[in-house]
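Here is a short report on one protein chain.

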Amino acid sequence: MWPDCDKMVIDMVRSAKQTILIVDDVETDVDTLVETLGDDYEIAVALDGPTALQSMRPDPPDLILLDILMPGMDGYEVCRRIKADAATAAIPIIFLTALTEIQDKVTGFTLGAVDYITKPFDIQEVKARVTTHLALKAAMERLARQNQLLAEAARLREDVERIIHHDLKSPLGVILSLPQLVAAGGNLTPEQLASLEDIEQAGYKMLNIVNLSLGLLKMEQDVYELSPTPVNIVRVLRKVEEDLASLRRSRNVSVELRLADAPLEAPPAFHVLGEELLCYSMLTNLLKNAMEHSPVGGRVAITMRADDGGSCEIRLRNQGETAPEFRERFFEKYATYGKPGGTGLGTYSARLMARTMAGDLSLDASVPGETTLVLRLPTR
């Protein structure tokens, strides 16, 4: 007995009145098949191979019942030509045969046949095999349509991303540069300076959203077009710290920024080679993660060191230990642990951004009771 889902497919196939082409030179066999199937399907008949091939256009049938032993062009040759034509290659072919040798069946399957019906016909067998293969064909067609829709949706999404990237990200970059230029002109009141800072902060937040929504997919596909420039990473870190001030206060977490082993009282320019917006998004994820996993009243230490090999190391250390069972999955996409409502994208996206900028991000959990993220970025 057919399961309910299969029965639904079968009923749909029958109600669509799909067409079956019967190709057989024995008229009594043709009559038997027409009588068996005629009530449920549209039936077309060809008594030889050339006529069958001509009937393929302009409306190919949904299924072909094809006799093997016919004078002139046999069923094997008809099948070979149907499968060689892209317009008809997908039509399922069931061979009709009195042959019982295994090699004959193997030959048919090699040519692309989907099944055999042995003469003399068993009516129930004919109905069952025809119904099954028409249902499979209908399912395959639905799957092909769904794949086409998915491909079209993916192309549309890429078009939208390109539009947003051009029409939103570029103007926001200009907006971000203006507050610094205006502030550099002097003669501004503290309130005006505060307003400029608010504008810059809002711009960074918007660009962070744009970057996360547009850039990650391209980075995953390795098609992100990086435009590296010198980035003052100390300034970016200070901006991130300011933007996360409310989180820091809510958890009473202190943040200490050090260059090598000396505290940064008056932060110098410390440049890496990358994109400022990517650096901001990446460091926001990392510092936010460090604060959230620090105990209340804890401390996050950020230490920067440059080497002679053209790179720098930034270590973000917090006093919350990463569970041993989670360390292997720490950078996996959607992986989260002990953080209700977490997306599992923070450290994943941060490492993706680091690698996009020719750097890397790793986890150092060697010290008990602490977690250290080690970020490496090029300096030239």
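## Cysteines and a helix pair

Cys 79 is buried, at a relative accessible area of 0%. This comes from a predicted model. Cys 312 also counts as buried, with 1% relative accessibility.

| Cysteine | Relative accessible area | State |
|---|---|---|
| Cys 79 | 0% | buried |
| Cys 312 | 1% | buried |

Which cysteine has the sulfur closest to that of Cys 312? It is Cys 279, and the two sulfur atoms are 9.0 Å apart. A disulfide needs sulfur atoms within 2.5 Å, so this distance is too far for a bond. The count of disulfides is zero.

Next, the helices. Helix α10 covers residues 276-292. Its 17 residues should span 24 Å at 1.5 Å a residue. Helix α10 is mostly covered, with 14 of its 17 residues buried.

Two packed helices are described by the angle between their axes and the distance between the axes. Helix α10 packs against helix α11 (residues 346-356) at an angle of about 145 degrees. Their axes are 9 Å apart. The crossing of α10 and α11 is left-handed.

On the α10 side, the contact is made by Leu 278, Ser 281, Met 282, Asn 285, Leu 286 and Asn 289. They meet residues of α11 including Gly 346, Ala 350 and Met 353. By type, the residues of this contact between α10 and α11 are six nonpolar, seven polar and no charged.

Note on methods. Residues numbered from 1 in each chain as written. Predicted model: local features only at pLDDT ≥ 70, side-chain atom pairs only at ≥ 80, totals over all residues. Heavy atoms only, no water. Helix = DSSP H or I, 4+ residues; strand = E, 2+ residues; numbered from the N terminus. Expected span 1.5 Å × (residues − 1). Buried < 20%, exposed > 50% of the residue type's maximum accessible area, 1.4 Å probe, protein only. Axes fitted to C-alpha atoms, helices over the stretch in contact; angles between N-to-C directions. Left-handed = near helix turned anticlockwise from the far one by under 90°. Contact = heavy atoms within 4.5 Å. Nonpolar A, V, L, I, M, F, W, Y, C, P; charged D, E, K, R; others polar.
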